[in-house]
Amino acid sequence: MMSKLNPTLKGPTVFDTHTRLAGGFGAYAARQDAVSLLKRVVMANLLWEDIAYIDGKKVADQLIELVPQCQPEVVYEIALAARLEQKLRHTPLLLAVEMCRYPQHAKYVSRLLPQIISRADMLTDFLALYWNRNGGKKAVSHQALKGLAAAFHNFDEYQFAKYDRDTEVKLRDVMFLCHPTPSNLQEEILFRKIAEKNLVVPDTWELALSSGEDKKTAWERLISQKRLGALAFLRNLANMRKAGVDRQVIEKGFDTLSSSMLLPFDFLKAARMNPEFKHLIEPAMLKAAANQPRLSGRTLLIVDVSGSMCSRVSAKSELSRLDCAKAMAILAAEVCDEYEIVCTAGNDSTRIGAHEWIQYPCRGFDMMRQIDETNSRIGRGGIFTRQCLEWCKDKIRAYKPFDRIIVFSDSQDCDFADKRVPRPFARHNYICDISCNTHGIAYQGIWTAEISGFSEHFLSYIAQYEQSKRLPDK
């Protein structure tokens with residue numbers, strides 16, 4: 001009889017044995033450390049907005065809980081990526097607020113804030129969030145004040161005046177707290193104007209359209225003077241058409257469109273609302289991939305078209321997770337030398353997956369149409385990652401070996417909870433997770449990496465990772 005005093009040690013498991021996916025009935029979740037979980041929660045969320053399986057407040061609570069569990073330099077890097085790569089606005093501010101609570105983390109806040117505060121209203125948003133999290137108008141962390149003071153140098157009078165609103169926390173409130181030091185006479189005058197509420201009213205599109213100016217004239221003037229930001233331009237295409245703006249003027253606006261802070265689904269929404277301009281919106285979206293490095297060899301793109309993927313990105317959004325996945329697949333196809341596309345879903349009752357290989361894939365928005373057509377044929381049940389990979393291995397790999405597999409999914413696997421894990425078969429295998437559910441299927445040692453979020457920067461990550469693996473050891 002084996003001694004109970006010296007039991008046999010069991011090897012580590014890839015599962016979190018207490019958590020199951022797809023709302024608590026699917027496959028077991030992967031075991032991940034605090035850093036991985038924080039990345040998941042941060043990179044693919046619209047803070048305080050409800051999503052499938054989880055409400056917005058719970059997302060924020062998870063983020064708050066995970067910050068002290070991670071090294072301060074890691075939280076700093078995650079906050080930077082959230083703003084500069086994922087283009088999130090409030091999430092990195094909340095990370096900065098939480099970092100102020102812990103001495104080791106707080107040291108990074110003065111350096112972080114001027115890098116993530118790229119709109120003047122983020123100054124007031126940070127202070128409002130700080131006071132909200134700390135129970136009222138209390139003393140602000142010294143490192144936060146230093147960071148806010150440095151961030152004041154990011155903006156000119158137009159940018160300050162555009163966001164100098166009559167809100168509970170005003171720009172002058174932030175300035176009186178952090179006391180930014182002017183770097184020249186021009187800034188000294190500017191800061192005095194903020195204090196005295198004498199900023200010159202900017203010529204914004206909102207003001208132009210509310211001042212009684214003819215709307216057609218106003219839109220055409222704003223476009224010609226490049227007074228419209230990229231997001232404002234896309235969101236107002238329908239209003240421009242309604243006002244009768246000349247087509248040539250709108251086309252000129254596309255010529256100068258900057259997409260640096262737009263997400264793929266911003267373009268999808270614009271195309272859906274303005275089909276007349278799809279031929280201009282499509283190349284504008286593909287610009288996001290124009291500067292991305294090429295992915296050599298063969299790539300298998302797997303798109304999850306299951307029921308949860310049809311959930312909205314957030315309660316207030318008109319777009320779904322599937323819309324994000326389709327946009328990311330479109331961008332991936334632009335940089336892949338060769339690629340194949342498989343759509344996957346299944347039947348929740350039988351736990352049997354359904355898959356279809358799009359053997360002649362299009363590019364651009366036509367690829368979305370192909371995915372939608374496939375979606376209508378294979379059902380709207382859950383994703384069965386293990387079954388899908390086995391099917392692809394049997395149907396495709398025999399005569400098409402792959403350098404990489406990229407799965408676009410919300411990781412809510414509905415397979416049997418018997419601890420059978422997916423077995424990807426390419427040299428590199430990635431899960432691009434577009435949801436912020438706390439747990440997913442990025443089993444360590446099975447997937448090359450889990451990439452959370454839905455910006456075009458997932459392509460940069462993959463290229464850089466694979467390049468690092470090709471570099472000779474020093």
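This is a predicted model: local features need pLDDT of at least 70, side-chain atom pairs count only at pLDDT 80 or more; totals for chains, interfaces and linings use all residues.
Which residue's side chain does E340 join in a polar contact of 2.9 Å?

Figure 1. Strand β4 covers residues 336–347 and contains E340. The side chain of E340 makes a polar contact of 2.9 Å with the side chain of W357. E340 counts as buried because its relative accessibility is 10%, and the cut-off for buried is under 20%. Leaving out residues up to four places away in sequence, E340 touches T299, L300 and L301, then W357, I358 and Q359, and also K400 and F402.

**Figure 2. The buried residues of helix α21 and what covers them.** Helix α21 is made up of residues 385–395. Its buried residues are T385, R386, Q387, C388, L389 and C392. The cover over these buried residues includes four strands: β3 (295–304), β4, β5 (352–358) and β6 (404–409). Strand β4 is also the strand in which E340 is found.

**Figure 3. Helix α6 against helix α8.** The two helices are α6, residues 109–116, and α8, residues 142–151. Their axes come within 7 Å and cross at roughly 30°. Angles under 35 degrees count as roughly parallel, and α6 and α8 are therefore roughly parallel to each other. The crossing of α6 past α8 is right-handed. On the α6 side the contact is made by V109, S110, L113 and P114. On the α8 side the residues are Q143, A144, K146, G147, L148, A150 and A151. Sorted by class, this contact has seven nonpolar, three polar and one charged residues.

**Figure 4. Helix α3 against helix α6.** Helix α3 spans residues 72–84, and its axis and that of α6 come within 10 Å, crossing at roughly 5°. That angle makes α3 roughly parallel to α6. From α3, the residues Y76, A79, L80, R83 and L84 meet R111, L112, Q115 and I116 of α6. The residues of this contact divide into six nonpolar, one polar and two charged. For the contact with α8, α6 uses V109, S110, L113 and P114. An α-helix has 3.6 residues a turn, so residues three or four places apart point the same way.

**Figure 5. Helix α13, its cover and its two ends.** The buried residues of α13 are A218, W219, E220, L222 and I223. Among the elements that cover them are α12, α14, α15 (237–243) and α16 (247–255). At the start of α13, a side-chain oxygen of D214 lies within 3.3 Å of the backbone nitrogen of K216. Just after α13, K226 takes a positive phi of about 60°.

Figure 6. Most residues other than glycine have a negative phi. K197 is not a glycine, yet it has a positive phi of about 60°. This lysine sits in the loop between α11 (185–196) and α12 (205–210). K197 counts as exposed because its relative accessibility is 52%, the cut-off being over 50%. K226 likewise is not a glycine and has a positive phi of about 60°. The loop that holds K226 runs between α13 (215–224) and α14 (230–235). With a relative accessible area of 61%, K226 is exposed.

**Figure 7. K278 in helix α18.** Helix α18 comprises residues 278–290, K278 among them. K278 counts as partly exposed because its relative accessibility is 36%. Leaving aside neighbours within four places in sequence, K278 is in contact with A271, P283 and F365. The C-alpha atoms of K278 and L268 are separated by 9.1 Å, and these residues are ten apart along the chain.

**Figure 8. The protein chain as a whole, for placing the close-up views.** The chain has 22 helices and eight strands. Of its 474 residues, 55% count as buried. Among contacts in the chain with a separation of 6 or more, 73% are between residues 24 or more positions apart.

Technical notes. Residues are numbered from 1 along each chain as its sequence is written. Side-chain values use heavy atoms; hydrogens and water are left out. Axes are lines fitted to C-alpha atoms, for helices over the stretch in contact, and angles run from 0 to 180 degrees between N-to-C directions. Angles under 35 degrees count as roughly parallel, over 145 as roughly antiparallel, 65 to 115 as roughly perpendicular and the rest as oblique. A crossing is left-handed if the near helix is turned anticlockwise from the far one by less than a right angle, and right-handed if clockwise. Contact means heavy atoms within 4.5 Å. Ala, Val, Leu, Ile, Met, Phe, Trp, Tyr, Cys and Pro count as nonpolar, Asp, Glu, Lys and Arg as charged, and the others, Gly among them, as polar. Buried means under 20% relative accessible area, exposed over 50%, partly exposed in between (1.4 Å probe, protein chains only). A polar contact is a pair of N or O atoms within 3.5 Å; within protein, one must be able to donate a hydrogen and the other to accept it, and residues adjacent in sequence count only if both atoms are side-chain atoms.
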